[in-house]
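Me: I'd like to learn how to read salt bridges in a protein model. Could you walk me through it?

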Amino acid sequence: MTVRAAGPGDTDAVAALEARNLGPDAWSRGLVEAGLTGDVPTVSYLVALGPDGQVVGHAVVSLVDVAELQRISVLPEHRRTGLASALLDAVVALAREGGCDRVLLEVREDNDGARAFYARHGFVDLARRKRYYADGATAVVCELTLGPTPVVEV
């Protein structure tokens, strides 16, 4: 499994992931392309590659003074393989590199699987945003506080 920075050549694959996994909340191809070509300077895209080298997941993070995880998505047939965790780990690394002390995100209140995933990775609930999603669903705002960068012994 490989996670790498995404670029303009990943536009079609990321836009297809958006449409397939996020339905009415998917970002348009134009918005994805703007992010991947650098038109939105605070935004970084990452992609996860499957065994065949195809893009099977992506994450989007905005880095300002706080990191905001805007997207994390893996194709259904590649879930429960560690790709989402690898994407999240890469997002946290970018946040640390960017000098951020926390990561924020919104997740659907009714998405028990995603909420459990984030809780396993140390996120805690902060607030709720009613009617946040296109279908009127509530979002839960979650936060991961970043402590000092861990030292890895070699």
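Reply: Happy to; we'll take the salt bridges a few pairs at a time. Keep in mind that this is a predicted model.

Me: What lets two side chains pair in this way?

Reply: Side chains of opposite charge can pair when their charged atoms come close. In this structure, the count comes to 12 salt bridges.

Me: Which residue meets Arg 129 in a salt bridge?

Reply: That is Glu 106, with 2.6 Å from N to O. Arg 129 lies in strand S6 (residues 124-129) and Glu 106 in strand S5, so their pairing ties together parts 23 residues apart in sequence.

Me: Is Glu 106 buried or exposed?

Reply: Glu 106 has a relative accessibility of 18%, and because buried means under 20%, Glu 106 counts as buried.

Me: Where do Arg 108 and Asp 25 lie in the chain?

Reply: Arg 108 is in strand S5 (residues 102-108), while Asp 25 is in the loop between helix H1 (11-22) and helix H2 (29-36). Asp 25 is partly exposed, with a relative accessible area of 22%.

Me: Which other residue forms a salt bridge with Arg 108?

Reply: Asp 110 does, at 3.0 Å from N to O. Shared partners join Asp 25, Arg 108, Asp 110 and Asp 135 into one network of salt bridges.

Definitions and conventions: Residues numbered from 1 in each chain as written. Predicted model: local features only at pLDDT ≥ 70, side-chain atom pairs only at ≥ 80, totals over all residues. Heavy atoms only, no water. Salt bridge = Lys/Arg side-chain N within 4 Å of Asp/Glu carboxyl O. Helix = DSSP H or I, 4+ residues; strand = E, 2+ residues; numbered from the N terminus. Buried < 20%, exposed > 50% of the residue type's maximum accessible area, 1.4 Å probe, protein only.
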